[in-house]
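Visitor: I have a structure to look over. Could you walk me through it?

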Amino acid sequence: MRTVLAFMAGTLWLLSSSSAQKLPWQNSSSAANAANQQLVHFLYPQQVTFPAGKPQTIDLHFRIAGGLHINSHTPRQKGLIATNLAEVEPSGVKITAVDFPAGSEFAFPADPATKLSIYSGEFVLKMHIVAQAGNHLVQGVLRYQACDNSTCFPPRTVPVPIDVIAK
Amino acid sequence: MIAALALMIAAGVMNYRQRRREEQARNQAVQMRLVPTNGDATAGTVDDTNQGDSIAANEAAYTSPLNGKQAPSFTLQDLSGKQVSLSSYKGRPLIVDFWATWCEPCKVEIPWFEKLHDQYAKDGLEILGVSTDDLDRGDPAKLFTQKRDISEFVTRMHMNYPILLSAESVEDQYHIDATPTTFFIDRNGRIVASTVGLASRDEIEADIRKAIGGANS
């Protein structure tokens, strides 16, 4: 019995170790790992409740991964990708505007003369909304492009789903 | 039989320990990569710690899995629509630089490449800039605008070397996850050095010398 158990254990070890072998195309670089991760997270709210038919403002909270920044909604340099929010309005919901905060001034250490407008840490968007009575799912998508002090990552999107309950 | 089983178990344990060490090293690399310099009071997760200097250090320490290997072959379109193959550069030292118009650190590096291109022209140095800007190939109007934007950038930056339009397959082959990413290729088509993120001009020049086959190679 002990032999059988030992055999099974040994086989399991070997299987687990062989399955964990790194394959040639599995890039373990930190940049690759970062590239596969979401660099901006939608924090909250996931659900809001407010009176039907009355204009409301919802604060949407986001956090940017540490050490990174993203362009603000109004980048200063031509060609930079602005942070934007696209929303799908379900029937019975009207999004009248989204306010973006002003960016902070930033310059890459290697190019201190070029001033950029960025967000870092946490930031809040203000969504102005009116909804008819009922439950609605507002599906937004935040598009951003992140960099650290020497590297930039391709533009990405993060889903912003909000369950809207209007009473 | 018992000896064989014991051997198998021992091998399994050794492999497991090795795997754990690799995992730990990899996790440490991720932490170093994603966290920044100046402390953010909101930091609460691994991704949000502040170690910007570590990021730079980690990027500097990054070694492409392609280093020492033959550069993967590719054929890409240039801005005029002409097909350009890597193989046509064999026999010459070559820099392949993946960049984008939205990449500010790339704008720091590009003027250095222009000057170094001139400086090492006598050694046959060639540079290929590969734009990783998104292209809507299925939408002719958008594609036209996107190519025009790249062309304008190239003109504005006075880029004096061929600019190619990237393809996902090529970015996969070269493990391009961020820009700038630069490969230094010798006359035999072998990648002798690579950098991810903005490197110093001195580092770039040292890597060019490796590609040329001069000092420090």
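**A helix and a strand**

Visitor: What span should the 16 residues of helix α3 of chain B have, and how far apart are its end C-alpha atoms?
Guide: This is a predicted model. Helix α3(B) covers residues 104-119, so at 1.5 Å a residue it should span 22 Å. That agrees with the distance between its end C-alpha atoms, 24 Å.

Visitor: How many helices and strands are in chain B?
Guide: Along the sequence, chain B reads α-α-β-β-β-α-β-α-β-α-β-β-α. Buried residues account for 38% of its 217 residues. The count is 6 helices and 7 strands.

Visitor: Which residues form the covered face of strand β9 of chain A?
Guide: In a regular strand, side chains alternate between the two faces of the sheet. In β9(A), residues 122-131, the uncovered face holds A:Glu122, A:Val124, A:Lys126, A:His128 and A:Val130. The covered face is A:Phe123, A:Leu125, A:Met127, A:Ile129 and A:Ala131.

Visitor: Which residue of β9(A) does A:Val98 stand opposite?
Guide: Strand β3(A) runs antiparallel to β9(A), joined by 8 bridges. There, A:Leu60 has A:Leu125 as its bridge partner. Strand β6(A), residues 93-99, is also antiparallel to β9(A), with 6 bridges. The residue opposite A:Val98 is A:Met127.

Note on methods. Residues are numbered from 1 along each chain as its sequence is written. Chains are lettered from A and ligands numbered from 1 in the order in which they are written. This is a predicted model: local features need pLDDT of at least 70, side-chain atom pairs count only at pLDDT 80 or more; totals for chains, interfaces and linings use all residues. A residue is buried if 20 or more other C-beta atoms lie within 10 Å of its own, exposed if 12 or fewer, and partly exposed in between; C-beta atoms are placed from the backbone. Helices (H or I, at least four residues) and strands (E, at least two) are DSSP runs, numbered from the N terminus. Two strands pair if DSSP finds at least two bridges between them. The expected span of a helix is 1.5 Å times one less than its number of residues.
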